[in-house]
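Please have the viewer open as you read.

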Amino acid sequence: MSLSINRRALNKQLKRWPGWLLLAVVVVLALAIASAGLSGPLTDSDRIDSISQRLACPTCDGESVYESQASAARGIRQQIKRFVEQGTPTDDQIIQYIQNQFGTKTLLVPNASGFDALVWALPAFAFVVAIAGLTVAFRRWKLVADTVPTDDDRALVQAALNDQEREHES
Amino acid sequence: MFNFFNSTCVPCVQEHPELAKFAAEQAKLTDGAEFYTVVWDDNHGAVQKFFADNGGSWPILTDDDARIEVAFGVAKVPETWIIDPNGFVVSRHLGGTTDDQLTRLLAQAKAGL
């Protein structure tokens, strides 16, 4: 009897998985569509702003090229404008040029490749590990909660109750 | 040689007499270095007045659109660059400099050619 109840609980759990999978797929798709829609500025001006927001002003503390009024930042904005007007294909190429001229400290957002990629990969890895850990922990708790008392367990409890009753009577 | 300059920058003003001395010495030599000042983000009149008041008859390049400044990656002035006759950068000095230092850097650059 206990075996059949456990199996039922397991089946119930398995039936829930497609729902979770479907939800995960929907979330991933929604994020992918949203990020694709957000990338690619509409106008040259938007593109200049977007690139200059990714670069740090080389002579300021914590200011981007976009917001700084320092000479160097204004010079870099003019160069970005020239590149955009010339039709330089990608933002990364423009950023790479500025980085080559002024050094890596001009990069406000770390690269998504090489050693810098760890900045992006490690939090994602930690998140996945945490989710996996929580899933395992929840499953263990659930299995413990689903445990059904055996006949021996019932007999033990009954014997204890009988002893208690006898004590009361005496 | 390129010297990146701004008339409102204190180290630029401080090093100017040394640059004038160096440029005058180079002008006397048959193989002396050509000296240029590059100005970005400054008032043209203020620069002219500064040179008139403090001396210096070498060419002044006005970098109106920051093209030179960005191409050289100059974030702060003053900076002095030595470029060989083939167009290769042989020395870059950040901050203020002196006649002696520039003479030494130039001699090292020529020795390395």
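Which residues of α1(B) and α4(B) meet each other?

1. Please bear in mind that this is a predicted model. To take the opening question: from α1(B) come E18(B), K21(B) and F22(B), and from α4(B) come D99(B), L102(B) and T103(B). Sorted by class, the residues of this contact are 2 nonpolar, 1 polar and 3 charged.

2. Now for the geometry of that pair. Helix α1 of chain B covers residues 10-28 and helix α4 of chain B covers residues 99-111; their axes come within 8 Å and cross at roughly 45°.

3. Chain B has 4 helices and 5 strands, and along the sequence they follow the pattern β-α-β-α-β-α-β-β-α. Of the 113 residues in chain B, 26% are buried. Among the contacts in chain B with a separation of 6 or more, 61% join residues 24 or more positions apart.

4. How many of the 11 residues of helix α2 of chain B are buried? The number is 1, so this helix, residues 44-54, lies largely in the open.

5. Helix α2 of chain A (residues 44-53) packs with α4(A) at an angle of about 45°, the axes being 10 Å apart. α2(A) and α4(A) are therefore oblique to each other, and the crossing of α2(A) past α4(A) is right-handed. On the α2(A) side the contact uses R47(A), S50(A) and I51(A), while α4(A) brings D91(A), I94(A) and I95(A). By class, that makes 3 nonpolar, 1 polar and 2 charged residues.

6. Finally, turn to where the chains touch. Chain A puts 11 residues into the contact and chain B puts in 10 residues. On the side of chain A that touches chain B, the elements giving two or more residues are α3 (71-86) and α4 (91-102) of chain A. Which of them gives the most? That is α3(A), with 7 residues. This side of chain A has 4 nonpolar, 6 polar and 1 charged residues.

Conventions
Residues numbered from 1 in each chain as written. Chains lettered and ligands numbered in written order. Predicted model: local features only at pLDDT ≥ 70, side-chain atom pairs only at ≥ 80, totals over all residues. Axes fitted to C-alpha atoms, helices over the stretch in contact; angles between N-to-C directions. Contact = placed C-beta atoms within 7 Å. Nonpolar A, V, L, I, M, F, W, Y, C, P; charged D, E, K, R; others polar. Buried ≥ 20, exposed ≤ 12 C-beta atoms within 10 Å, placed from the backbone. Parallel < 35°, antiparallel > 145°, perpendicular 65-115°, else oblique. Left-handed = near helix turned anticlockwise from the far one by under 90°.
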